[in-house]
Amino acid sequence: MRPEPLIEAAGLAAGYGGAPAISGVEFALAAGQTLALLGPNGGGKTTLLRAVLGELRPVAGTLCVGAACGTVPQTERSRLDYPVSALEVAMMGTLSQLPWWRRPGRAEREAAARALDRVGLRSLADETFGRLSGGQRQRVLIARALVQAAGVLLLDEPFSGLDRPSAEGLEALIVELAGEGRGVVIATHDLEQARSCDLVLCINGRQVACGRPEQVLADVSVLEATYGGAIVEIPGSEGRAILPPHHHHH
Ligand SMILES: Nc1ncnc2c1ncn2[C@@H]1O[C@H](COP(=O)(O)OP(=O)(O)O)[C@@H](O)[C@H]1O
Ligand SMILES: [Mg+2]
């Protein structure tokens, strides 16, 4: 018997009022699976995550999400000048579960502290969020999602700007969290990282392909349609690399 998918999209289109920013999106994510979202800047990765979160309504097709979603937004979108501690950020995850008349109290503080512990940050609970490193901030936001008891984690380019050890630590944490039965969607530019996910979905306005990484990433025409030809063969290395958009010469 196959488990009910946590997320199921069929013929999904969504956008911001004009022509849909994404269309033809079709995938199913089961508990314990990781899905890499690959696409160029402006390809629609964040738009798809926002649709899953319920922030954008489908303009075509269907989207079923069978679990609470916790989100780790793209870093440049979070405010770093706001004087709030790591613990307080994690505690924000409790707000959706509290009745409107209750403020977070001791139980919520304890839940937030446990979640920080879980992501390896207990000792930094009182540190100001904006003073943490990029990798530590990603972990605090994951803790916030854990406090929400999210069955689905949506991570928007969580590795951007992280050094290698932080990225590897974060990757290991993601594998652990999926191993506990969560579904995890990761928007990324990193082909290597996509290779280690259970599923890869390529999107460039419309969905180009979705499937097992060994199938999707082996198909040069898929990568070309996804990145619009910005694929380079690295001499002396196996496989291909993607030129990040800011490396384009105009
Ligand atoms: N708030 C918005 N209002 C209107 N258009 C938007 C908005 N956010 C993104 N878009 C457009 O939707 C498309 C997909 O963007 P986005 O989902 O942010 O791509 P990605 O995350 O892959 O870089 C782009 O053409 C972008 O300009
Ligand atoms: Mg984005």
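Reader: Which atom of glycine 42 lies 2.7 Å from an oxygen atom of ligand 1?

Author: Happy to start there: that atom is a backbone N or O of glycine 42. A polar contact is a pair of N or O atoms within 3.5 Å; within protein, one must be able to donate a hydrogen and the other to accept it, and residues adjacent in sequence count only if both atoms are side-chain atoms. Polar side-chain atoms also lie by oxygen atoms of ligand 1, that of threonine 46 at 2.8 Å and that of threonine 47 at 2.5 Å. The protein covers 58% of the 560 Å² of accessible area that ligand 1 has on its own (Shrake-Rupley method, 1.4 Å probe).

Reader: Before we go on, what should I know about the model and its numbering?

Author: This is a predicted model, where local features need pLDDT of at least 70 and side-chain atom pairs count only at pLDDT 80 or more, while totals for chains, interfaces and linings use all residues. Residues are numbered from 1 along each chain as its sequence is written, chains are lettered from A and ligands numbered from 1 in the order in which they are written, and side-chain values use heavy atoms, with hydrogens and water left out.

Reader: Thanks! Which protein atoms are donors of the magnesium ion?

Author: Donors are N, O and S atoms within 2.8 Å of the metal (3.2 Å for Na, K and Ca); water is not among the atoms, so sites may look incomplete. For the magnesium ion, ligand 2, they are OG1 of Thr46 and OE1 of Gln74, 2.0 to 2.5 Å away. Threonine 46 belongs to helix H1 (residues 45-53) and glutamine 74 to the loop between strand E5 (69-72) and helix H2 (86-91), so the pair ties together parts that are 28 residues apart in sequence. Helices (H or I, at least four residues) and strands (E, at least two) are DSSP runs, numbered from the N terminus.

Reader: Are threonine 46 and glutamine 74 buried or exposed?

Author: Both are buried. Buried means under 20% relative accessible area, exposed over 50%, partly exposed in between (1.4 Å probe, protein chains only). In H1, 7 of its 9 residues are buried, including Lys45, Leu48 and Val52. Glycine 54 follows H1, with a positive phi near 90 degrees.

Reader: Where is aspartate 190, and what does its side chain reach?

Author: Aspartate 190 is in the loop between strand E7 (183-188) and helix H6 (191-195). It is partly exposed, with a relative accessible area of 37%, and its side chain reaches the backbone nitrogen of glutamine 193 at 3.2 Å.
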